[in-house]
Amino acid sequence: MTEYNSFEDKKQHFDTWEIIDTPGDFNRMISEFKALKSSNNHVLFRGICEARYKLYTSLQRECFNRGIGPNDATGKSIVLKLLEQSRNNPKGQNYIPEYFAKLGIPLNDWMLLALLQHYGAPSPLLDFTKGFIPALYFMCLGITPRYSNREIDNYASIIYFKTVDVCSAHLIENLPKTCEAIYNQSNKKLSNYRERDEFVLNDLSFDNIMSNNRKIELIPSYNGINKIKHKGNNKWIANLPIANMNMTSQEGEFVCNISDSEPLENLMVSGNTKYLHCYNIKKSLYHYILDNYLKGSLDAMKAELFPSEYQAAKDIYFRTMANLF
């Protein structure tokens, strides 16, 4: 698995390209991020602790670390096995299917992949967030000083892209639009809940969507994805919940990449137009970022970005008692 050897090597893959060396540079970058978010752009950010890292998925890294090549198994075939195991319910080993069944939620492939990604298993999903603060947290989380003569080793990165731009260029499709396209091609009526559930589980499965040489797909998390409607007649097509507590607290969305070898930046290019943007941030700014943007502590940010049911229950109890006495 390759890394960037220099900024010159990396720069050719990105459109906006900045080097952030001072607190003033950093504050200017934050102002630009705020302007992006306030201009009604759907912008997704990702923080990377080492500027030299490429945008590989956890599944790509796992295959590389285990020496699994395309001749052994494709990324897609491994994902299908992961999904199969996720749906199996051997006694005392996997409570996920039973848990969601009791909630009355059909366990679609994309919810399963989001769970795998957020709770420690490899997946073809690459995490992005609608908020630049969570991106800064994940960037700082893995920062370590390196004593190197290479400039790139002294920097971390924030990468972002505008979803409208990449979708308009047809470099990537987003799941609700894919759902509508599949529905239009199927000539199905979907007149009851059972038919809609079957449509989600079969027609909108990972296997069906990531076919015909499709490599990447945007998996959004906005509220409308829970009930996807046809734009032409406003008819309810499908209920496609994709959520978990981590994903919600982190404002998370995903890009699915099932290429066996190509990082995302190789796929986000059309001709001479690049759709990913990169800010490279000097690691020496770590404490400035921590004190001014991350509550002074990664642990404090962790509690906010990685909630648990236990902590949520305790917080509810403490707030209740505080208001009573």
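Predicted model: local features only at pLDDT ≥ 70, side-chain atom pairs only at ≥ 80, totals over all residues.
1. A quick definition to start: a residue is called buried when its relative accessible area is under 20%, exposed when over 50%, and partly exposed in between (1.4 Å probe, protein chains only). By that rule R52 is buried, with a relative accessible area of 9%.

2. Residues are numbered from 1 along each chain as its sequence is written, and side-chain values use heavy atoms, leaving out hydrogens and water.

3. Now to the charged pairs. The structure holds 15 salt bridges, a salt bridge being a side-chain nitrogen of Lys or Arg within 4 Å of a carboxyl oxygen of Asp or Glu.

4. Do look at E3 and R52, whose side chains form a salt bridge at 2.9 Å, N to O. E3 sits in the segment before helix 1 (7-11) and R52 in the loop between strand 2 (43-48) and helix 3 (58-65), so the pair ties together parts 49 residues apart in sequence. Helices (H or I, at least four residues) and strands (E, at least two) are DSSP runs, numbered from the N terminus. E3 is partly exposed at 35% relative accessibility.

5. Another pair is R150 with D153, at 3.0 Å from N to O. Here R150 is partly exposed at 30%, whereas D153 is buried at 0%.

6. Finally, E217 and R214 meet in a salt bridge of 2.7 Å, N to O. E217 is buried at 0% relative accessible area, and R214 is partly exposed at 26%.
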